Amino acid sequence: MSTSTPTGETHAPEIDRQAMEVDIACAGFGPAMGGFLTTLTQAWKENPADPAFESRVMPGMPLQVVCYERADDIAAGVSGVVTRARGIRTSFPNLNAAEIPMAVEVKQERVFYLLDPIGASRRSFTLRFCDAILGRTGALFGIKDHAFELPWTPGFLNKHGGLVMSIGQFNQWVGSQLMESGLVQVWPGMPVSGPLFADRAVTGLRLVEQGVDKNGAQADGFMAGMDVRAQLTVVGDGPVGAVGHALDQRLGLPEGHARHEWAVGMKMVIELPEDSPLEPGTVWHTFGFPEPEIFGFLYVHPERLVSVGIFVPSWLSDPSRTAYRYLQHYIQHPALWRYLKNGTLRSWGAKSLEESGRRGEPFLTGNGFARIGEGSGSTNMLTGSGVDEAWTTGTQLGQAVLELLRAGKPFTRETLAATYEMRRRASWVERGAREAENARNGFHGGVVRGMIGMALAGLTGGRLSLGAHIPPAHKQIREPASHSVEEGLRRDDAAALAVADGRPLHDALMTARGWPEIAFDGRLLVSHQDALLMGGKVQAMPGYADHVIFRDAGLCIACESKTCISMCSGQAITEGADGLPAFEREKCVHCGACLWNCAQSPDGEHSNIEFRAGAGGLHSAEN
Amino acid sequence: MANVLHIVVCAGIVPDPLQTLEPVTTPAGPGLKNEMVLPAVLDPWAACALYEAAHLAAGNPGSKVWLVSLGPKAKLQQVMMTVAQKVNFELVPIDGPIGGFTDAHATAAVLAETIAALPGLERDRLLLFGGWESATRGSGVTLQLVGERLGITDQFQGVDQIALRDDGSFEVLERVEGGKHQASVCGGTPAVLGWATGNLAEPRNNPQVGMANMRTMMPALQKAKPATLAANGLRYASVSLPKQQRTTRVVKDMTADAIASELAEWIGAE
């Protein structure tokens, strides 16, 4: 009888369920898993007779490697990226960007400080003072369209020689090659409920239950989630993945590590007007607007497509973190609107970013498991780069696994640490992560301080940085009691507006604060709900339980901020009649923002929202 | 007594209907913008046919299901990673062009030739399944043409149900006007059934089914026969999408009757 126990399950373990033995079980298919599986398949193609590829669980057969991905398609990614592509090019030395749809080499990179042409953003006195000087001496500083272009791109931001890509298309390109090899199987539409534990060791994965109602109770066509037992479980399910979170809950984080910093990245893919002068490979980094804390980007793909988006961080203390409304104002900033006007929305999406970087690194290895990618703390918060780092951690694990298989060694904490962790610690990923470790500390003391701290860390290779006490994400949300009288009056105005026309309170609050109403044009400027239909294509198959759980209903009812509602990228969380937020799985894009946009905490560390494994989500390959 | 059936399902792949589709003119004729980039799914009507075929085969031991699909190999592979988790079948991929702007006669010729050459297929046990309609730009006649080329004269369209009898005959319910079904009895196989939606729910994703299918699927994809479809002089005068309009408004405290009235008024005005 097995001693394994599942985590995150809603059913008793006595349910009769199928089980399967494989050699390597993988959770989540993204760049990190792409790197891991590519490393294995390239070695397999080079020498299929290599004894490393003999299956231990199916003697006589090749290594059994299966990967389960929650999304309905491996191309259903949600990120346009610019990457230096060092690790990716190491895996594909002859990489031709033209082979990957929407990919192009970086041709031009610029950094802009965006002034606020509206006057509604929450700028500090210092920033307003700087803006005033820039505004009055605009000609001197070459200010155009309310934007000040930095005379150079700081080296730590520089992506020259890199690639502008769509992660969806890149995943599809990688996945096709992987599956063609015949060595690995990547199964989309199959969420993983959690790891199988035997004490602190991981013995495989449990897939989600199907044929259940929203609360997880058995319904028509019930099918218990299968147990997939493996000698090695590779965890690459991202920063809000259920397997990674279960591991963190069971094992905790290394001493001094915490995941307190987050951001939601929301972007649109826009088809530019036919006469657009923007060249493919153009990259813009922006800061200063729509709020000083919100960074933005514009990446130009081939065929007149452009990814434009913003990052709304957890240190934006305002509880009305309405990313979609902010994004609409962002694209209308004169510096961007000059190019985007008359464009057409083709796609839209959102994703949580784990911004603690190395400080949020979990235990990378343990008996029977290894963690790779963003969920393993690989994102470099100084360079704003995650894809290449994630990919590289995957390749490092792939090399380590090949070494262990060839040596006939088991996958234990010791062997994985001596192979995978050793490679990672000695690599540019680790060096970059250490340089970036404290780069964003200053933002917890204000934007100006944040920019100074980032510049310090960036220009000194991380040797100098500002110190900071970084509270858990739920404590970064400003208490309603701290609102000023003026803010209170705006909230009253907003409440009246919300009642009058039925719009969400957070949206009305932005209007009350002076943000102009969005003049919908039906093509690019569309309502949030229309964006779900036009640009995101959200779908949820029936027969799965809700994956967003409000743990303590009392806390939610008493919560005044209800930031989960304002930050929800898909408007899937709304105010329920009883004061408890209502979750609609059919609208959820699985960005995971609710997980850290909750001002309540039952235990002082974690928020009151649990984000479990769920099916469905965004259907768009153009992201 | 169970009947041993050989069920061949013809099923194409189509862009995920949740995507924004935009017709464009390509050097090869009409097409959809970025079609190779868009995620694809199994043609929804044909998918119903596949689920019905698997259900029928499961109830008749010894039966077998083949899925014959024509499309770009890479796209087929991608779609099959999802479809293969649902029911057991043997994939017969044909590496061909994407899209439905091909001549139905040319497509039917390739499909019929492939089916006729399937090893182990017994014609007198054959049920040829497919969708009665297609979410591609096809003319909706391909399945009939395949049947004709295979010399199968018993053909049914808009099928929602098949009930096998012990003597090998079967009753078929076909959709007819007025929301009703026409019941027909067919003496036995071979026959062509173009399915409407049938009565089965989409099967759950089952990893074990996927693993079983994968053993034959990847080798089949690697060996997929390339097919060139003859244009046969087909020319498209114009291509357009059905007109779609969206007007979104958030309302609260409206009765269902009031909403219905407003909708009727809006529709009437368009």
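Two strands count as paired if DSSP finds at least two bridges between them. I also kept to DSSP runs for the elements: helices are H or I runs of at least four residues, strands are E runs of at least two, and both are numbered from the N terminus.

**Entry 1: ground rules**

This is a predicted model, so I noted that local features need pLDDT of at least 70 and side-chain atom pairs count only at pLDDT 80 or more, while totals for chains, interfaces and linings use all residues. Residues are numbered from 1 along each chain as its sequence is written, with chains lettered from A and ligands numbered from 1 in the order in which they are written.

**Entry 2: chain A as a whole**

I started with chain A, which has 18 helices and 27 strands. Its radius of gyration is 24 Å, close to the 25 Å from the globule rule for 623 residues, so chain A is as compact as a globular protein of that length. (The radius is taken over C-alpha atoms, and the rule is 2.2 Å times the number of residues to the power 0.38.) Along the principal axes, the C-alpha atoms fill a box of roughly 75 × 55 × 45 Å.

Next I looked up burial. I call a residue buried if 20 or more other C-beta atoms lie within 10 Å of its own, exposed if 12 or fewer, and partly exposed in between, with C-beta atoms placed from the backbone. Buried residues make up 57% of the 623 in chain A.

For contacts I used C-beta atoms, placed from the backbone, within 7 Å of each other. Among contacts in chain A between residues at least 6 apart in sequence, 76% join residues at least 24 apart.

**Entry 3: strands and a helix in chain A**

I checked strand E19 (residues 344-354) of chain A: 10 of its 11 residues are buried. Strand E15 (residues 262-271) of chain A runs antiparallel to E19(A), and 10 bridges join them. One pair I traced is Met266(A), whose bridge partner in E19(A) is Ala350(A).

I then found an open, antiparallel sheet of three strands in chain A, in the order E4-E8-E5. Strand E4 (80-83) and strand E5 (104-105) are its edges, each pairing on one side only. Four bridges hold E4(A) to strand E8 (residues 163-166) of chain A, and Gly80(A) has Ser166(A) as its bridge partner in E8(A). Helix H5 (residues 167-181) of chain A lies across E4 and E8, at about 85° to E8(A); axes here are lines fitted to C-alpha atoms, for helices over the stretch in contact, and angles run from 0 to 180 degrees between N-to-C directions.

Helix H6 (residues 242-251) of chain A also got a look. Its buried residues include Ala242(A), Val243(A) and His245(A). The buried residues of H6(A) pack against several strands of chain A, among them strand E2 (19-27) and strand E14 (227-235). Just after H6(A), Gly252(A) takes a positive phi of about 70°.

**Entry 4: where A meets B**

How many residues of chain A are in contact with chain B? I get 38 residues of chain A against 27 residues of chain B. On the chain A side, the elements giving two or more residues include H5 and helix H15 (528-536). By class, that side has 15 nonpolar, 16 polar and seven charged residues. (Ala, Val, Leu, Ile, Met, Phe, Trp, Tyr, Cys and Pro count as nonpolar, Asp, Glu, Lys and Arg as charged, and the others, Gly among them, as polar.)

**Entry 5: chain B**

In chain B I followed an open sheet of nine strands with mixed pairing, ordered E11-E10-E9-E12-E8-E1-E6-E7-E13. Strand E11 (180-186) and strand E13 (225-226) stand at the edges with a single partner strand each, so one side of each has no neighbour in the sheet. Strand E10 (residues 170-176) of chain B runs antiparallel to E11(B), with seven bridges joining them; Glu171(B) has Val185(B) as its bridge partner there.

Last stop was His181(B), in strand E11 of chain B. Is His181(B) buried or partly exposed? His181(B) is partly exposed, with 16 other C-beta atoms within 10 Å. Leaving out residues up to four places away in sequence, His181(B) touches Asp160(B), Leu173(B), Glu174(B), Arg175(B) and Val176(B). Gly158(B) is 23 residues from His181(B) in sequence and 9.1 Å away in space, C-alpha to C-alpha.

Methods:
Contact = placed C-beta atoms within 7 Å.
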